[in-house]
Amino acid sequence: MDTPCGHTYCFHCLSNFLKEQDFCPVDRQQLQLHQCRPSSLLVRNLLDKLTVMCPNYAECQQQMQRGELQPHLHNRCPVFRRLREEAEKRKRPAWNELKGRKGDGESSGDAKHSAALSRNPTRDQPEPGLINPAYEESEEDNTPLRCSLVAEATVVELLREEPEEELGFRIVGGKDTPLGNIVIQEVVRDSLAARDGRLAPGDHILEVNDVSLASVPHACAVAVLRQPSSSPLRLTVMQEKGFKTRDLRSDHQPSSTATQSSHSPHGNTTSSHNPGTVLQVMLMKSQRTEPLGIKLIRKSDESGVFILDLLAGGVAAKDGKLRNNDKVLAINGHDLRHGTPESAAQIIQVSEMRVNFVVMRPAETPEEGGSSREGQQSRAARRAAEQQYFRRHSTYMKDPPGGFSSQEKTVSLKKEPRLSLGITIAGGRDCRSRLPVYITSVQPVGCLHQDGTIKRGDILLSINGVDLTQLTYSEAVSVLKAQTAQSQVVLRVIQTLSEDSEEDNEAANKDELDPVDNPRDDTPLWTRWLGLPSHMHWCRDIVLQKTNNESWGFSIVGGYEESHGQQPFFIKTIVPGTPAHFDGRLKCGDEIVAVNGATTVGMNNSSLIPMLKLQKNKVTLTVVSWPGSLV
């Protein structure tokens, strides 16, 4: 159980302690048991990795991870099966036994024993909101059983070349947000973290140089990670590795770790969702220094390494299995989902005679299969349409998360026509994240600095009645220049607020840290966007598809709770080897505003999770995505 003050205890230990005391055993803050909640998915995953023995160890000597204990008891343990059969016999006695009774039914002792056997032997139901819509075992004969998620706590050390060098990843979450934990949203290309190659989107950051980030606000976590240092930065992270599967025909053999892209014995699993097919290809060199004849590139709109061309006469071209535009996921076991062509080339160069590729091949529709001009034109038209309708103005009205809000500010100025406002801007609906136009700096030479109302990070609403909220960057610049030339300027902006912002800034100033300013990145902190009213959100429809009973591959937090009221639903975890992971568009921290066009406002977890599970082959998620804070 987690306490409101951020500590985790065994339920029985804590409940026994609170029968005699009324405070937390660690920090002695006032505490009652009803204030505590079941531990987070992060803690459950770490605990589920512990090796345990079967409770019936006198007759069943099986050892397994804690997360596999319940499937073992229900499906494989012979002792539990025998006890269950005996309980069933006591519940439904034979007819000749019934004739000798007075019809009183089963005894109270048998009823208690039967109830005890039917109860979950390992743990209570998880906390609502921390249940992955598809983290469940499938009982279909043709689907591998997913016993548990495989997660690992890993220590990653990053050494900056310069004390103030960026680490190169974006984070979301924090104790002041529904996500709770600090989660990596994205690894920036060519950055320190990308060159290191061990961090990935979805990793939960537990500690930084032995400083726990388990219960700190978002801004404080940003301040800790941005603090300049010439010594190595040691990050303790929890990384999801995918599902562990179990073959029905080998109940007593150790389970093998596999993601859902490797169900086929040949590794050529075909899926109907957008990314296409995952293939394993092995190339053999005639000698160690022989080149493979592969040109690798990166793309501006997608992370990772792609095959541009296969040189005629080369090893890859002769083999014939790799194709142009294949995305390289791994080479010889090295993860390249967020790698670079340079790192891929280095792995190939130092490899021995055998080079193993794992690639993803985009799915082709019949009209895309040919190389005709009509096919090229249709693909270009689809790309143009996708860019045009990448996002749309939100029509889903909802409140921001608890603790976040916004307020409008209006400034009316009389000025000389040639006098500048003295602000710089960024964003615009044509930028990568489709952000509204916001202020990146207020120059001391401008008239707005003298007024003092407008601050960095404020979002522009209008100037002299001209709406700025739906404009591209260049359109906004043109409007601002035209309106600034007038002697009377009325500027409307919106400022986002959070309950913890003042406390965070005071703590940061005390430690001589600035959680907001980053000279290399003008984008406001991720939490700054959470307070925006919904009419300023731009939504994106993401269609996920699958062909069997596999999971969608993401977990959610949020929804209606009596203690917190209505909270938006956020993506907290994306599991490797699932449709959500291979699709690549969902990110940790994305807000789900609708499912198949039905708004999620007013829903709780017990409503949304069954809705997601009922979508067997296709689901459309309408999401709002804000860029994480760069560190």
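I542 lies in strand 24 (residues 538–545). Helices (H or I, at least four residues) and strands (E, at least two) are DSSP runs, numbered from the N terminus. The model is predicted: local features need pLDDT of at least 70, side-chain atom pairs count only at pLDDT 80 or more, and totals for chains, interfaces and linings use all residues. Residues are numbered from 1 along each chain as its sequence is written, and side-chain values use heavy atoms, with hydrogens and water left out.

I542 is buried, at 0% relative accessibility. Buried means under 20% relative accessible area, exposed means over 50%, and partly exposed is in between (1.4 Å probe, protein chains only). Residues up to four places away in sequence aside, I542 touches D583, R585, L586, V619, T620, L621 and V623. A contact means heavy atoms within 4.5 Å. The C-alpha atoms of I542 and N596 are separated by 10.0 Å. Along the chain, I542 and N596 are 54 residues apart. C539 is also buried, at 1% relative accessibility.

The protein as a whole has 17 helices and 30 strands. Of its 631 residues, 47% count as buried. Among contacts with a separation of 6 or more, 67% come from residues 24 or more positions apart. The protein exposes about 31900 Å². Carbon and sulfur atoms supply 49% of that area. Accessible areas come from the Shrake-Rupley method with a 1.4 Å probe; for residues, only the protein chains shown count as cover.

The structure holds 12 salt bridges. A salt bridge is a side-chain nitrogen of Lys or Arg within 4 Å of a carboxyl oxygen of Asp or Glu. One of them joins R82 to E59, with the closest N and O atoms 3.3 Å apart. R82 lies in helix 4 (residues 78–91) and E59 in the loop between strand 1 (51–53) and strand 2 (63–65), so the pair ties together parts that are 23 residues apart in sequence. R82 is partly exposed, at 34% relative accessibility.

A further salt bridge pairs R298 with D190, and here the closest N and O atoms are 2.6 Å apart. This pair links distant parts of the chain, 108 residues apart. R298 sits in strand 12 (residues 294–299), whereas D190 is in the loop between strand 5 (182–187) and helix 7 (192–196). R298 is partly exposed, with 26% relative accessibility. D190 is partly exposed as well, at 41%. D190, R298 and E342 are linked in a network of salt bridges.

R288 forms a salt bridge with E352. Their closest N and O atoms are 3.4 Å apart. This pair too links distant parts of the chain, 64 residues apart. R288 belongs to the loop between strand 11 (277–284) and strand 12. E352 belongs to the loop between helix 10 (341–350) and strand 16 (354–361). R288 is partly exposed, with a relative accessible area of 38%.

Backbone geometry was examined next. Most residues other than glycine have a negative phi. D190 has a positive phi of about 65°, although it is not a glycine. D210 is not a glycine either, yet has a positive phi of about 70°. D210 lies in the loop between strand 6 (204–208) and strand 7 (211–212). At 57% relative accessibility, D210 is exposed, whereas D190 is partly exposed.

The surface carries a nonpolar patch formed by M282, M284 and M353. Together these residues have about 260 Å² of accessible area. Patches are made of residues with over 30% relative accessible area and no salt bridge; like charges are joined within 9 Å, and nonpolar side chains (Val, Leu, Ile, Met, Phe, Trp, Tyr) within 5 Å. M284 is placed in strand 11. M284 is partly exposed, with a relative accessible area of 44%.

Cysteine pairing was also checked. The structure holds 0 disulfides. A disulfide is a pair of cysteine sulfur atoms within 2.5 Å. For C13, the closest cysteine sulfur is in C10, 3.8 Å away and too far for a bond. C13 is exposed, at 52% relative accessibility.
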